[in-house]
Each structure stands twice: as structure tokens, then as C-alpha cells.
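Please look over the sequence and the model below before reading on.

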Amino acid sequence: MLVVETSFSARLLALTGIGLVTACAIGAFPASSMAQDATKSTSSTWVVTLGATVEYGPNYEGSKHYSFSALPSFDFYRFGDTPEYSAPDDNFDYTLFDLGSLEIGPVVGLRDDRLDLNNLHLQSERRVRWNFDAGGFAQYWLMENKLRLRTEVRQSLWGGDGLVADLALDWFQPVGDKLVLSAGPRMSLANSTYMSSNFGISAGQAARNGHVRTFDAGGGLKSVGFTVAATYTITPQWSVQVYEKYNRLVGDAADSPITSQFGSPNQNIIGFTLNRTFNIDF
């Protein structure tokens, strides 16, 4: 699942855009009944899910200030395939190698505006702007559609924002026919380029500010946490999801003045997603 978080105006635009795309898609490809769908060729029909999310969380990684944001999401799979469960913090992926319980393929994500150092009174124009990142994912089902181990390794495509590696373990538990609960721990690592961009403070920035020390943020473990979610299927076409993501910044990410002096190591995000699923024939 692809998740985007940007500035407030861009977030609002993204939410509006995803609604327009969804409306156009619904008009162009009206949903049919399950019985009608079953007669269609699985080789030419794709199941597409568009979603719109509202989140309440930190303004940037390490911030103690919270705000609302809007995020679009997107997913698809071939009709006839059994859809797998996913977590709200999965990025958009495509399985190239399906080796039974093990799946491997490319993954793409979007990074938000991490922070503006002007807001921290460091008298610097440096800013870590929104960025695409891409890489690979691998996930292994320890128990089919129950217990999943997943890792993503993603490198920023421009801007020198570095590389991150996310590790997740999720338990998925259906409750009846319409409700699915999920929960699991998280761990995130980053290289020195990412850490320096997001948590480092140069000697020049420290000198201009006068109230903050130079900080050289090295690569390594960045955060640990957990994610919990509940997904409810209203109809075959509509579903809703609520979730909470908590991460505790550790190591240099927590020790940086950006976090320890201006922000907080505790990062908590609450989200609500409305999804619309429809079929496309080619």
C-alpha cells in the first residue's frame, strides 16, 4: 500500500484528487455483482482499491507538535487471486517472485517534508523535502494469512535523503466475516545520509543559532514501535480501517537536539481510511 504525507495544502489537494479519481473510476467502471464477476476471465479483470485517509500525528519525524493530514492509498490485484492481508504502513509493492510462503518484489513509497530548520530557529534554509523512495520488499508468511514477517529497504530517488530499512511482524485475526484485526512490532533502521539529513546539525547551523550544539547523527537503529489496526468490510465495494502507529525514536534519532530539545522521541499516529474497491476489465 502506498502512503503519502506532505504539506497541509498538498495533503488537502491529494485528498481531493483521490476523491475525484475514485468518482471518475466508479463512473467509468461501475461495480457489478459478485455473481457477475465470477463469470469474467481472471486474466483480464483487475480488482482496484482506492482509499482516502485522515491522520493525526507529528508534523515531522521527531516533532512534539501534532496536526491533521490527508493521505491517498492505492492497491490492486488480479481478479481470481486471493487477496492477502496488509498493514496500514505497508508501502506500494508488486510481487515478482512468489515462492509459496515467501514473496519478493519492488516497493515504492513517498517521504514527506521531514522538517524545516527555520521553524527550529537554526537560521538555515535547508529542508528535507518530499521525495519518492524505491527499493525492494520481502515477506514471509510464518502462518498462512495469519502471521507475517516483512521487510522493506528503500532508497530516496533524489535529494540525497538516504536509505531506510523497515522490519515488521504482524498477526492478522479475522473476527466473523467482516472484521479483521492486526497488530505487530516495528523496527526501523537508516543509513548515515538519512540520519544526517533528518537529525544532524552542522557546525555552521549551531554557530548561527547559538543555543544548540553541533550533532553528527550516525546510521543505525532509528526507532522501535508497534502498529495496530481494525478493518471492517461494509459491503464488497466499501471498507473502513482505523489504526494506530506508535514509534519510539532511539539512538542518535532520539539524542539529536531536533528531537531532545525541540521535539519528542514518542511518535504516535492515529488514522482512519475509507476504501472503495471496483473492477477494471482490459
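Among contacts (heavy atoms within 4.5 Å) in the protein chain of this predicted model, counting those between residues at least 6 apart in sequence, 66% join residues at least 24 apart. The chain has six helices and twelve strands, where helices (H or I, at least four residues) and strands (E, at least two) are DSSP runs numbered from the N terminus. Residues are numbered from 1 along each chain as its sequence is written, and side-chain values use heavy atoms, with hydrogens and water left out. As this is a predicted model, local features need pLDDT of at least 70 and side-chain atom pairs count only at pLDDT 80 or more, while totals for chains, interfaces and linings use all residues.

Of the 282 residues of the protein chain, 43% count as buried, that is, under 20% relative accessible area with a 1.4 Å probe, protein chains only.

The mean pLDDT, the predictor's confidence in each residue from 0 to 100, is 81 for the protein chain, and 78% of its residues reach 70 or more. Over residues 1–41 the pLDDT is below 50, although this stretch has 75 contacts in the model beyond near neighbours in sequence. Where pLDDT is low, the predicted coordinates should not be read in detail.

How values were computed. Buried < 20%, exposed > 50% of the residue type's maximum accessible area, 1.4 Å probe, protein only.
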